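User: I'm new to this one. Could you walk me through how to read it?

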Amino acid sequence: PRHLLTLDGLSRDALNALLVRAQAFAEGHYDRRALDGIAVCTLFFEPSTRTRMSFTLAAQRLGADTLNFDASTSSTRKGETALDTVKNLEAMGVRGFVVRHHEDGAVAALSQHVEDGTVLVNAGDGRSSHPTQGLLDMLTLRQAKGNDFSKLKVLIVGDVKHSRVARSDLQALRTLGTGEIRVCGPASLLPDASTLEGCTVSHDLDAALEGADALMMLRLQRERMEEGLIASLDDYHRDFGLTAARVKRAAPGAVVMHPGPINRGVEITDEVADGPQSLILRQVSNGVAVRMAVLEALLRG
Ligand code: CP
């Protein structure tokens, strides 16, 4: 595809090819002039630390010219639309846009109106999709557990309802033939049944952890949450927080992941987030490599 809007519909071969390329980048094999003369803009209408910074670094490592657009300090504040913003940046010669937006489908909508040579990468839209997070999570899992996912038991825990990360992870895990995908959270924070197709769903974290090989914790997205979905943060932590005692229920050598930012002491304790089984900062490192692979594939063809 010309843009990367979602992982839905991406074949296993295409996904694996991106992961193999990302692994080479992670090992430091890259051409610093691969995107020489190409301008890439990170266009963020929602806050970000990891995604925006790692896309900027990824583009710079491949030799692109980089621009950072932050809606909160731009003419968006004067009422300029996202499409007008893109059109103006296209007029300056920008070819690659990495876009984060609070509305579901916003990046796909923009893709209908851009010039032929323009490339869009979805850096997270509403609750829908965060494809490069899905890719970096799969790269991290591959490094830890090998390329064959058919025997893996992966557990996703928490606020799945509001999570574009969970949706992209679920799509990628299915495409890669994961042995068992478990999802656990309070009923109020789980999405509709179609999103959870093929998953083993539970509301009992202690039971769901038994024998799991990878524990993918999610951030409680309080900014997207209506009142009353959880009783209290203390209750949530008691029922769905990952503690060192709970990690012991998982398979020996289980790995702990979280996309960040972390609500420390809510969905995960400090001891686990910073502990020996945590791959949380490895995920962040892999984010740069995966984003290099995506930018190269889309902007060099
Ligand atoms: N994981 C993630 O998307 O983090 P940021 O919101 O900081 O980019």
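User: Which residues touch the most other members of the largest nonpolar core?

Analyst: Two notes on the model come before the answer. This is a predicted model, where local features need pLDDT of at least 70, side-chain atom pairs count only at pLDDT 80 or more, and totals for chains, interfaces and linings use all residues. Residues are numbered from 1 along each chain as its sequence is written.

In soluble globular proteins, nonpolar side chains tend to be buried together. A nonpolar core is a set of buried Ala, Val, Leu, Ile, Met, Phe, Trp, Tyr and Cys residues joined through C-beta atoms within 7 Å; buried means 20 or more other C-beta atoms within 10 Å of a residue's own, exposed means 12 or fewer, partly exposed is in between, and C-beta atoms are placed from the backbone. Here the largest core has 89 residues, and Ala22, Leu155, Val157, Ala214 and Leu215 touch the most other members. Helix H11 (residues 280-300) gives the most to this core, with 8 residues; helices (H or I, at least four residues) and strands (E, at least two) are DSSP runs, numbered from the N terminus.

User: Where does this core lie relative to the domains?

Analyst: Domain 1 (12-129 + 284-300) and domain 2 (131-283) both give residues to it, so the core lies between them. Those bounds come from an automatic or database domain assignment.

User: Which residues of helix H3 are buried, and which are exposed?

Analyst: An α-helix has 3.6 residues a turn, so residues three or four places apart point the same way. In H3 (residues 82-91), Ala82, Thr85 and Val86 are buried. They cover an arc of only 95° around the axis (taken from the directions from the helix axis to the C-beta atoms), which puts them on the same side of H3. On the other side, Asp84, Asn88 and Ala91 are exposed.
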